[in-house]
Amino acid sequence: MRHNEAMLVGRDRELSTLDELLRRAELADRPIAVITGEPGIGKSRLLDALARRVQTLGGRVAWGRTTEVGMTPAFWPWLQILGALETADDRAPSLGDVDDRAVASTRLARFADVAAFLARRAATGPIALLFDDLHAADPSSMQLLEHVLPLIGGTKLLVAIAARDSDATPENAAALGRLLRHARRLPLARLTRAEVEALVAGRADAERVFAQSEGNPLFVEELVAAGTGTLPALSSVRAVIRDRVARLPAETGAALVAAAVLGRDVPGRALAAMLGGAEVGARLAPALRLGMIAEHAPDRFRFSHALVAEAIVDELDPSERSRQHLAAAQALQAHGGDASAIAHHLLAAGHLATGAAVEAAERAARDASSRLAFEDAAELLAR
């Protein structure tokens, strides 16, 4: 059994529902799925399974991933999706480089352009728009999604969203609630004792793993990966991650700390700068073998789960966390990092970068306003 398939133990009903929605997409019936659940419950794995089904049927898949660690540019999931779907003959509408004097009508017109672009791209076959970790999306992305969905009726588009139950901001929670009025909700429950036994598949003491994991699939996998002989005491996945990091070579642990401060998606050049020019792949090799982090593109790394990066950062004492954020800001500045991300790290550096943080936040706010991402600009100025 492959790892991706193993993580989907106990999800037959949800897969059947996604198959139904995919059939509706082929009939241009505007199906929308919202997959919800606690961290580690398997939301992203279910999106992966849907992506494979769409591709098997000859359809296309476009991912829009957000990140719970750090900040990303306004409209970030949409920039990924539009970039994946555009062609040389059909360029996606720009969501940046808009004059900061533009009025709301200009913004709405641009949103309509996005809907028209998606309709054109879906004219030749079904397309799945997959939004992962949408609870952490920027406000502008949520507004664009709410505006676009009513406009794509009659197209072969399937929209599937994964979001945590409890980690959304009040504004994003309200937006997700509105989306659910027109969507099929797939709440993922914890696995039963029998399902955990199937997932463990003889690799460890299934009874003990079930008792410690309480049926969370990510917790199960982390416990099994920790070793069959001495399973660590577990109150949450953070304890497992802390134990795994402690077993790594010191230089790998230091590299993971720097990577985690940068965020779930890690630019290799910036990480190398934080490590004094070290060869990143060699430093991360033990963690790569464990699957804690993966190289998903040239010079780009991604933690296996946001909780891995979050847990590592949470272990730092406040002074070290501030120092690491300052180093991250400096590394991103040296390698063309996004203004919002630089501002985030300088603000998180606290007293180490007070003046620079204010200036960076103001620059990032102006940049967000130029993209018509007014909510993001307001958030930066409030911070």
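Predicted model: local features only at pLDDT ≥ 70, side-chain atom pairs only at ≥ 80, totals over all residues.
Student: OK, where is A204 then?

Tutor: A204 sits in the loop between helix 8 (193-200) and helix 9 (206-213).

Student: Is A204 buried or exposed?

Tutor: A204 counts as buried because its relative accessibility is 18%, and buried means under 20%.

Student: How far is A204 from V224?

Tutor: The C-alpha atoms are 6.1 Å apart in space, while the two residues are 20 apart in sequence.

Student: Switching to the largest nonpolar core. Which residues touch the most other members?

Tutor: L256, L271, F303 and I312, out of 41 residues in that core. Several elements each supply at least two residues, including helix 11 (237-246), strand 8 (300-303) and helix 16 (318-334).

Student: Which helix gives the most?

Tutor: Helix 12, with eight residues.

Student: And what does L256 touch?

Tutor: Leaving out residues up to four places away in sequence, L256 touches V245, L248, L284, A287, M292, I293, F303 and I312.

Student: What lies apart from that core?

Tutor: Another core, of 36 residues; A62, L118, M142 and A168 are among them.

Student: Last one, L381. Where is it, and is it buried or exposed?

Tutor: L381 is in helix 19 (residues 374-382). L381 counts as exposed because its relative accessibility is 55%, and the cut-off for exposed is over 50%.

Note on methods
Residues numbered from 1 in each chain as written. Heavy atoms only, no water. Core = buried A, V, L, I, M, F, W, Y, C linked by side-chain atoms within 4.5 Å. Buried < 20%, exposed > 50% of the residue type's maximum accessible area, 1.4 Å probe, protein only. Helix = DSSP H or I, 4+ residues; strand = E, 2+ residues; numbered from the N terminus. Contact = heavy atoms within 4.5 Å.
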